[in-house]
Amino acid sequence: MAMSAGPLLAALLLPALLLSAASAADSTNNPADQLVSLVNSNRTASKASSLSDNQGLGCIALQYIKAYQGQCSDVRDKKPPESSFAEKFAPDCGVQVATLSKITGRLVACQSKYPSPPEALDILVNDAKDLQVLHSKNHTEIGVAVSGTDGGGPYFWCVLFSGGKPATSFKVDGEVPKTAMHPGCFSGNNDDCAGPSPTNGAVPTIAGASRLVAALLFVMACALAL
Ligand SMILES: *[C@@H]1O[C@H](CO)[C@@H](O)[C@H](O)[C@H]1NC(C)=O
Ligand SMILES: *[C@@H]1O[C@H](CO)[C@@H](O)[C@H](O)[C@H]1NC(C)=O
């Protein structure tokens with residue numbers, strides 16, 4: 001009896017390790033999730049809180065970008081009307097309108113050449129006012145989107161901050177509709193979303209396959225344990 005505990009434990013632990021490796025691959029393979037990590041480490045380095053990555057808000061950030069209709073030069077002095085959140089962005093994302101929370105800050109940038117997440121942070125934050133938005137204590141959650149990654153520029157990045165309660169705000173009914181997910185990438189949806197680099201193409205399949213294998217191993221290990 002005691003002898004079988006070792007292999008059994010290994011059989012149970014291995015899939016767990018594989019699973020965590022697979023989910024880590026998710027967020028490293030999505031430029032929007034990478035920007036969330038950069039924002040959070042930048043905030044914690046200046047004693048501000050780490051923000052919760054909200055999928056509904058991330059999806060809304062992508063619709064916010066789409067509202068510019070590719071007009072790069074508009075990001076400096078134009079904003080979509082506030083009413084678009086309730087009338088267009090939330091419904092398009094499957095976000096329950098009643099759960100929309102106050103937007104406490106936004107950073108938007110656009111350029112013709114794709115900036116990687118670290119470059120994007122520098123472009124998004126270019127003066128003292130932007131830095132105040134980045135470090136504001138009013139935020140509790142964040143949603144990030146990038147577009148233009150599916151076939152040429154211009155490349156838009158959008159960061160939306162909110163002061164809502166992460167567990168109950170920007171709640172998605174079921175799943176985010178496919179039409180709201182493309183073209184582009186947004187944070188918090190646990191989705192592989194390659195940036196424009198051609199080498200990114202192979203990674204989602206490998207991550208997906210290893211997750212499947214890990215899940216199968218886990219099921220087998222559970223069956224053996226019974
Ligand atoms: C935070 O980001 C801003 C804007 O990119 C940058 O100037 C600053 O050096 C960053 N701080 C840290 C600690 O990385
Ligand atoms: C935080 O919220 C308060 C109250 O709405 C506002 O006056 C202040 O400007 C905000 N701070 C930042 C950095 O946005």
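Me: Helices here are DSSP runs of type H or I with at least four residues, numbered from the N terminus. With that settled, which elements of this predicted model each supply at least two residues of the shell around ligand 1?
Reply: Start with the residues surrounding ligand 1: N42, A45, L121, D122 and V125. Helix α2 covers 31-45, and helix α5 covers 117-124. The elements giving at least two residues each to that shell are α2 and α5.

Me: How many residues in the shell around ligand 1 are charged?
Reply: Asp is on the charged list, while Ala, Val and Leu count as nonpolar. The shell around ligand 1 has three nonpolar residues and one polar one. That leaves the charged group, and its count is one.

Me: What about ligand 2: how many polar residues does its shell have?
Reply: Ligand 2 is surrounded by G105, Q132, S136 and N138. Gly goes with the polar residues in this scheme. The shell has no nonpolar and no charged residues, and its polar count is four.

Me: What distance does helix α3 reach from its first C-alpha to its last?
Reply: Helix α3 runs over residues 55-66, which is twelve residues. At 1.5 Å a residue, you'd expect 16 Å. The model comes close to that, with a reach of 17 Å.

Me: How many of α3's residues are buried?
Reply: A residue is buried if 20 or more other C-beta atoms lie within 10 Å of its own. The buried ones in α3 include Q55, I60 and K66, and they pack against elements including α2, α4 and β3. Out of its twelve residues, the number buried is twelve.

Me: How many residues are in the largest nonpolar core?
Reply: Among the members touching the most others are I60, A61, C93 and C158. Elements giving two or more residues to this core include α3, β2, β4 and β5. The core's size in residues is 46.

Me: Leaving aside neighbours within four places in sequence, which residues does C158 contact?
Reply: C158 is one of the core members touching the most others. Setting aside its sequence neighbours, C158 is in contact with A61, Y64, I65, V108 and A145.

Me: Which two residues does the cis peptide bond join?
Reply: Most peptide bonds are trans. The cis one here has omega of about -5°, and P183 sits in the loop between α7 and β5. The pair joined is H182 and P183.

Me: Is Q69 buried or exposed?
Reply: Q69 is in the loop between α3 and α4, and its phi is near 45°, a positive value in a non-glycine. Q69 has 7, so it is exposed.

Me: And F170, buried or exposed?
Reply: F170 lies in the loop between β4 and α7. Because F170 has 27 C-beta neighbours inside 10 Å, it counts as buried.

Me: What percentage of the residues score at least 70 in pLDDT?
Reply: The chain average is 82. Still, pLDDT stays under 50 over residues 12-26, and under 50 over residues 198-219 too. The share scoring at least 70 is 73%.

Conventions:
Residues numbered from 1 in each chain as written. Chains lettered and ligands numbered in written order. Predicted model: local features only at pLDDT ≥ 70, side-chain atom pairs only at ≥ 80, totals over all residues. Near = placed C-beta within 6 Å. Expected span 1.5 Å × (residues − 1). Contact = placed C-beta atoms within 7 Å. pLDDT = per-residue confidence, 0-100. Core = buried A, V, L, I, M, F, W, Y, C linked by C-beta atoms within 7 Å.
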